[in-house]
Amino acid sequence: TLVFSEVVASFSSADDINLDNATGSLSTMSPNDNKTTWTGTFTPTTDMEVDNNTITLDASWTDQVGNPGTSVTTSNFEVETLRPTVSSFTLSDTALKAGDNATVTLDFSEAVASFSSADDITVDNGTLATMTSSDNKTWEGTFTPLANTEEDNNTLSLGTSYTDLAGNAGPAATTANYAIDTLLPTISSVT
């Protein structure tokens, strides 16, 4: 929002607004009824993390009688649209037998918020204890395979409901395949 002290004659957001130090774009600004307040929408560039941004009104505008305008610059603002990524999503053991457990490690590129292993990870043929983290970036939990199961094709899947601290949604991810053989042998007959 740009508020002038009086009606302006030659203002155009395309010509008079300088975005050279801003990570994004500005829609065409439109005036209110008395043409002293102009509004437009700033849209930040996606997948960027820039903490040094300003928008400048150049001194190229005039009032109704031709008096030149002054240049004004906004306060600094941050653009943080960089989405978190999954650096790795692994199990410490991918061939699980009866009595085995595996440590599941999930590494994000940055600290995440609203992550819950119970809500965000789908588990095949087993249970995953609540994952914990000391830095909200690297998470660990214990996977316990289902008893009496033989299955070669299993994965853990991460959903997309978590975000980084700025609210940017992260991607889905899947572990490498793991095999489970917790079916104990039995004796079918003795002769």
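Analyst: A salt bridge is counted when a side-chain nitrogen of Lys or Arg lies within 4 Å of a carboxyl oxygen of Asp or Glu, and a search of the whole structure finds one. This is a predicted model, in which local features need pLDDT of at least 70 and side-chain atom pairs count only at pLDDT 80 or more, while totals for chains, interfaces and linings use all residues. Residues are numbered from 1 along each chain as its sequence is written, and side-chain values use heavy atoms, with hydrogens and water left out.

The salt bridge links the side chains of Lys-97 and Asp-100, with 3.8 Å from N to O. Lys-97 has 52% relative accessibility and therefore counts as exposed (exposed is over 50% relative accessible area, buried under 20% and partly exposed in between, with a 1.4 Å probe and protein chains only).

Turning to the aromatic rings, the whole structure holds eight aromatic pairs (rings of Phe, Tyr and Trp, the last by its six-membered ring, with centres within 6.5 Å; planes under 30 degrees apart are stacked, over 60 edge-to-face and the rest tilted). The ring centres of Phe-4 and Phe-11 are 5.4 Å apart and their planes meet at 65°, so this pair is edge-to-face, and both residues are buried. Phe-108 and Phe-115 also pair edge-to-face, at 5.6 Å from centre to centre and with 70° between the planes, and here too both residues are buried. Phe-4 and Phe-11 belong, together with Trp-38 and Trp-61, to one aromatic cluster.

The largest core has 20 residues, of which Leu-106, Phe-115, Ile-121, Phe-143 and Leu-158 touch the most other members. Strands (DSSP runs of E, at least two residues, numbered from the N terminus) contribute to this core: S11 (86-91), S13 (102-108), S17 (138-145), S19 (156-158) and S22 (178-181) each supply at least two of its residues, and S13 gives the most, with four. A second, separate core of 11 residues includes Phe-4, Ile-17, Met-29 and Trp-61, and Phe-4 and Trp-61 are both members of the aromatic cluster described above.

Conventions. Core = buried A, V, L, I, M, F, W, Y, C linked by side-chain atoms within 4.5 Å.
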